[in-house]
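Colleague: Please take a close look at the charged side chains and how they pair, and then relate that part to its surroundings. Please state the cut-offs behind each term as you go.

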Amino acid sequence: MSKSKHKTNDVETFSEKEPELKGTLIAVFGLGAFIVISWIIVYVLFVSR
Amino acid sequence: MTMINNTSINKDDSSLVMAHMWVAFVSLFVGGLMGLLQTLVRSGTLTLPFGIGYYQILTVHGVILALVLTTFFIIGFQFSLMSKTVGMSNKQRDSAWFGFWIMLFGTVTTAVTILLGKASVLYTFYAPLKAYPTFYIGLALVVVGSWIGCFTNFRQLYVWKKKHKGEKSPLLAFMVVINMLLWFIATLGVAATVLIQFIPWSLGMVDTINVLVSRTLFWYFGHPLVYFWLLPAYMAWYAIIPKIIGGKIFSDSLARLSFVLFLMFSIPVGFHHQLTEPGIDPVWKFIQVVLTFMVIIPSLLTAFSMFATFEITGRKKGYTGLFGWIKGLPWKDVRFFAPMVGMIAFIPAGTGGIINASNQMNQVVHNTIWVTGHFHLTVGTTVILTFFGISYWLIPALTGRKLTAKINTLGLIQTIVWAFGMSIMSGSMHIAGLLGAPRRSSYSTYGGTEQASEWIGYQIGQAIGGSILFIGIILMVYIFINMVFLAPKGHEEFPLAEVSDDAEPTPMFLENWKLWIGITVALILFAYTIPFIDIIQHSPPGSPGFDMLIR
Ligand code: HEM
Ligand SMILES: [Cu+2]
């Protein structure tokens, strides 16, 4: 089996089929934001006590 | 298939798994009833009759739900996965049954002791509270029985691998073995404290107990315990839900990697439960806090992986737009809906966990009912709803029956009832906790202080939420009975997902068990050796028992 041929094949299928994951990206960002905001709320409570 | 059989796995394995399921669902009912009573007592609505103590029912609740229900469900479920993916020989099944009977005997021993009022020490059994010896002996038997389960699973994969030289192990079998490794390593700590400290002390062979050592060994076990609950839910999320929604596993390697990371980072972190505890060097507390934050990595990997599975599947079905794929998910299929609601609950649940573990910030929430609110989201919603979601196909698959449309609908209702009741109960717990309300306390006006009067509205909130939850428990128990005895005979699929064609091949190093176990042990030794020696060397005098304190 020729390694280089295998590689190019892979790259082709890769670029053709690369799934669209925009929603996932935004959702994960949203999740991160939720964590950070909740954390800050309790942090403020901690500092103010 | 050579035999015509309705059950999705062979009959003998089905009976084994069903035995575990019976214990789990009986526990659900008993434990749930105690939960309801607790909320009613705490809100001043009810006084317990017949001299039953608040801590007696709270011990039943904690032990039977957090220790018994979970362990039996998980071990049973995992046997079904192993049977399906790598098979089970007669000998292995015999040893599995042996483990089951030992666990059951231990459970009954402990339960009877608690019910007789001789062990109102709560499920954490902190010294110097002292229970009657059979409480600890029963618990030790549960652990020993579970070890037999561990080694049976290890053996199953080992035998499979010998027959399939050079192949990677089936994903679910890999996950089961990781979880059982985690359990085995973790329970060594609790076994040590129970056998070396509690049993001799409770039998009167020694007068005192080293409290800090016992609590440290307990939490060495207590944190991985929560991952032992969570990982079977993740097995379903990663490797079963994709099939149910008509998709594929996003990435086999990513799933394995996250399990390996959970194994490594869920054990050397027990100090995050002891942040307010005197006698532990703050430097080592800090180090374990840092290690705790490492589990955020596999948690977010899991979140990403789930979103990606959903989006890809939705888009393949033709739903477009940024979030259009959400409509492509089978919301009316309870096998998806229940675990999905569990996943959503994990967003606030995991966030709360990060807050709890944030070193100094822990002081805001420590020993408040916020913590109770937190783990009713994690184990009481995320894990339990996923287990319910599994039951909707697993139980009929085991009993050779069908999940009917009616039960499916009832399951959707059950899930909504649970989510609604829990939002009220857990939400009230979180807020009351931030206002300072303590956990593990019966009804009290605290001498009429102003601060305590702020809590009572939330206590009533908990009672309302708890009553709704109890309706959820009755529904679930009915659903279980239906799937065992009443549903029409038929074939129910055992959904095992395949890996997506887009996924990269899994690198073999993920199967390097010696490496993963080595790193895990090294991390544990690093995180615990020095502080543990320090704890022993600088111990205050041991404590006598206080067995009359909280009857
Ligand atoms: C009907 C459903 C439920 C209700 C009404 C309920 C209610 C409660 C309440 C009010 C407490 C706190 C009592 C206190 O700190 O004074 C509590 C504690 C606890 N619950 Fe639940 N719960 C329910 C279901 C569950 C489930 C499904 C699990 C786990 C699988 C669970 C695990 C626990 C644990 C581990 C504790 C801590 C016990 C302790 O602090 O020693 N609960 N529950
Ligand atoms: Cu923890």
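Modeller: A residue is termed buried under 20% relative accessible area, exposed over 50%, and partly exposed in between, with a 1.4 Å probe and protein chains only. The model is a predicted one, in which local features need pLDDT of at least 70 and side-chain atom pairs count only at pLDDT 80 or more, while totals for chains, interfaces and linings use all residues. Residues are numbered from 1 along each chain as its sequence is written, chains are lettered from A and ligands numbered from 1 in the order in which they are written, and side-chain values use heavy atoms, with hydrogens and water left out.

Side chains of opposite charge can pair when their charged atoms come close. A salt bridge is counted when a side-chain nitrogen of Lys or Arg lies within 4 Å of a carboxyl oxygen of Asp or Glu. By that rule there are 12 salt bridges over all chains.

In chain A, Glu20(A) and Lys22(A) form such a bridge, at 3.4 Å from N to O. Glu20(A) has a relative accessible area of 39% and is therefore partly exposed. These two residues also belong to a salt-bridge network with Glu311(B) and Arg315(B). Chain A has two helices and zero strands, where helices (H or I, at least four residues) and strands (E, at least two) are DSSP runs numbered from the N terminus. Of its 49 residues, 14% count as buried. Its accessible surface, by the Shrake-Rupley method with a 1.4 Å probe and, for residues, only the protein chains shown as cover, is about 4,000 Å², with 69% belonging to carbon and sulfur atoms.

In chain B, Lys243(B) and Glu493(B) are bridged, their closest N and O atoms lying 3.9 Å apart. This pair links distant parts of the chain: Lys243(B) is in helix H7 (residues 241-244), and Glu493(B) is in the loop between helix H15 (450-486) and helix H16 (513-537), 250 residues apart. Lys243(B) is partly exposed at 35% relative accessibility, and Glu493(B) is likewise partly exposed at 35%.

A further bridge joins Arg256(B) to Glu511(B) at 3.1 Å, N to O. Because Glu511(B) lies in the loop between H15 and H16 and Arg256(B) in helix H8, the pair ties together parts 255 residues apart in sequence. Both Glu511(B) and Arg256(B) are buried.

Other charges gather without bridging. A patch consists of residues with over 30% relative accessible area and no salt bridge, like charges being joined within 9 Å and nonpolar side chains (Val, Leu, Ile, Met, Phe, Trp, Tyr) within 5 Å. Lys and Arg count as positive and Asp and Glu as negative, leaving out His and the chain ends; each charge is placed at NZ of Lys, CZ of Arg, CG of Asp or CD of Glu. Lys91(B), Arg155(B), Lys162(B) and Lys165(B) make up a positive surface patch. Among them, Lys91(B) lies in helix H3 (residues 90-115) of chain B and is exposed, at 71% relative accessible area.

His223(B) sits in helix H6 (residues 211-239), and His273(B) in the loop between helix H8 (252-265) and helix H9 (282-294), 50 residues apart. His223(B) is buried at 8%, whereas His273(B) is partly exposed at 26%. Helix H6 also holds Trp237(B), which is buried at 4%.
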